[in-house]
Amino acid sequence: MSRVPTGGPRTEPTTAHALLRRLHDHGVRTVFGVVGREAAAILFDEAEGVDFVLTRHEFTAGVAADVLARLTGRPQACWATLGPGMTNLTTGVATAALDRSPVIALAAQSESYDLFPNDTHQCLDSVAVMRPLTKYAAELRRPDDVTDLVDSAVAAATTEPVGPGFLSLPVDLLGSRTGPSATPPPARTPARPLVTVADGWEEAAGRAAELLAAARHPVLVVGAAAIRSGAVPAIRALAERLRLPVVTTYLAKGVLPHDHELNFGAVTGYMDGILSFPALETLFGPADLVVTLGYDYAEDLRPSMWRHGREKTTVRVAPTANPVPRVYRPDVDVVTDVRAFVEHLDRSTAGLAARTPHDITPLRERIAAFVADPGQPGGGLGVHQVIDAMNTVMAEAAAEGEGTFVSDIGFFRHYGVLLAHARQPFGFLTSSGCSSFGYGIGAAIGAQLARPGQPTFLLAGDGGFHSNSADLETVARLGLPVVTVVVNNDANGLIELYQHLGHRRSHAPAVRFTGVDFTALARANGVEAARATSRDDLLAALRKGVGLGRPFLVEVPVTYDFAAGGFGALDI
């Protein structure tokens, strides 16, 4: 006998209706995820204006929500079923935590009357698992509380440091016909993240202005919190008026246009080794004042990197108290909204003459020669040649100030940090804080949904891409015109680099794969694909891809130079 109920569809409001309506009230428009047996309690069509995007893996759902939230500036949600679905979601949640995105993570839970973690089938203590990864974690106990729990999760997620909130939802309560009895108050979702403002911050800002007036070669180091605060126009105006060089973290690329004379680029600890050039010394050696704006240690620009050369005075400006005083003890610490500080500094330095930026021409010449290298290493292109081609076609395809370059995780990512052109704030996306392997596809989905009229390029390695390649079908199903470039050396290249750094040799069983035909894989998932073994082939393939208006993949064999010199900045 069938156990499926017969008769007309249920129409009475349930807790699921209240949940989705409240998410919508807070600006959530998309829930990414994978549904399990809680489908008996929630269909995800209970609230108009909230779309459900089915992914192949919960990790993809978390990353897509992370990027969509980052680019839209409002919370977005991801969903997992109980037990292993929830644990699969944790890496996506951790990615949002370390990259500071206001994600609302949701997971079904065993029925409230059968909730015995580690004893009931598929039942784990979800809140205990998620609590260390989130800013707020709670379990629904009464249906009437669902609106308040959503409000609490959003409030925590949108307060600096921005990060995910989590709700565990027992299946029986989610499907309960008992909803909130009263009309909830209006949802309060801040337009920008809420920040800590220390008493007397203006006085500290005044000391920063004095230090700037006395400095010969000041440098601004900008992190992603500056973008979240809406400070980019003010930073550009201040930098241009006083001719202040701007260095960024991975995620803050695009604060200045890539070709701006004051854009000194993004910093990675791998840059000296990749370029075989003293890049960090060139960038920071002559500087006598470093002002960090929205700096976040998780973004992997370490204070040791800017300590090259002469002794420096440092000013920290951030929307939270300093969490890492052991490694970064600034001379002046200004805890306030970054935009408010920059505007205050602009006013207080109105009579200050422009500085003279120190000369980094040798570094720029080295980078130009590096990307222009016409040589073709045996067995494939160099990653720098691949990125140069992607920059060329992005410039052809994107309007001024548009386009998104997404990088998955691997050795190639650090080439991207150095060489990829960011054409707007958050125009270069990577898992900066968590370095989550397989990040690329989910991030490209979120970026394309956030910027539907703009091109999205994804650079991925064979290892990370294939760890999450099932969601290539999601890209195809959604018809997202993402152009993916898989740089393939049949190995985990970054790990091979570390083998060489530690042992001056590699051990193939720990890093080497057998070959995968990624063009065949793409076609099997409904994505047109090509293979490119030269610059001309790659340029032609990329141009074809951006003209299709649907997903396209290019596989490029690459080789790396694993010379072990120049990576001293990686020592902690």
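The lining consists of A208, L212, L220, V291, V315, F341 and L345. Two or more of these residues come from each of α7 (201-214) and α13 (338-348), where helices (H or I, at least four residues) and strands (E, at least two) are DSSP runs numbered from the N terminus. A cavity here is a set of points on a 1 Å grid over the protein atoms alone where a 1.4 Å probe fits but cannot get out, and lining residues have an atom within 4 Å of a point.

This is a predicted model, in which local features need pLDDT of at least 70 and side-chain atom pairs count only at pLDDT 80 or more, while totals for chains, interfaces and linings use all residues. Residues are numbered from 1 along each chain as its sequence is written, and side-chain values use heavy atoms, with hydrogens and water left out.

Now turn to the largest cavity, whose lining has five nonpolar, one polar and four charged residues. Among them are E160, R192, D337 and V338.

Next, look at strand β4 (residues 103-109), where seven of seven residues are buried, meaning under 20% relative accessible area with a 1.4 Å probe and protein chains only. On one side, β4 runs parallel to β3 (residues 76-80) through five bridges, with W79 opposite L106; pairing takes at least two DSSP bridges. β4 also pairs in the parallel sense with β6 (residues 165-170) over six bridges, and I104 has G165 as its bridge partner there.

How values were computed: On a 1 Å grid over the protein atoms alone, a cavity is a set of points where a 1.4 Å probe fits but cannot get out, and a pocket is an open set with protein on both sides within 12 Å along at least five of seven lines; lining residues have an atom within 4 Å of a point. Ala, Val, Leu, Ile, Met, Phe, Trp, Tyr, Cys and Pro count as nonpolar, Asp, Glu, Lys and Arg as charged, and the others, Gly among them, as polar. Buried means under 20% relative accessible area, exposed over 50%, partly exposed in between (1.4 Å probe, protein chains only).
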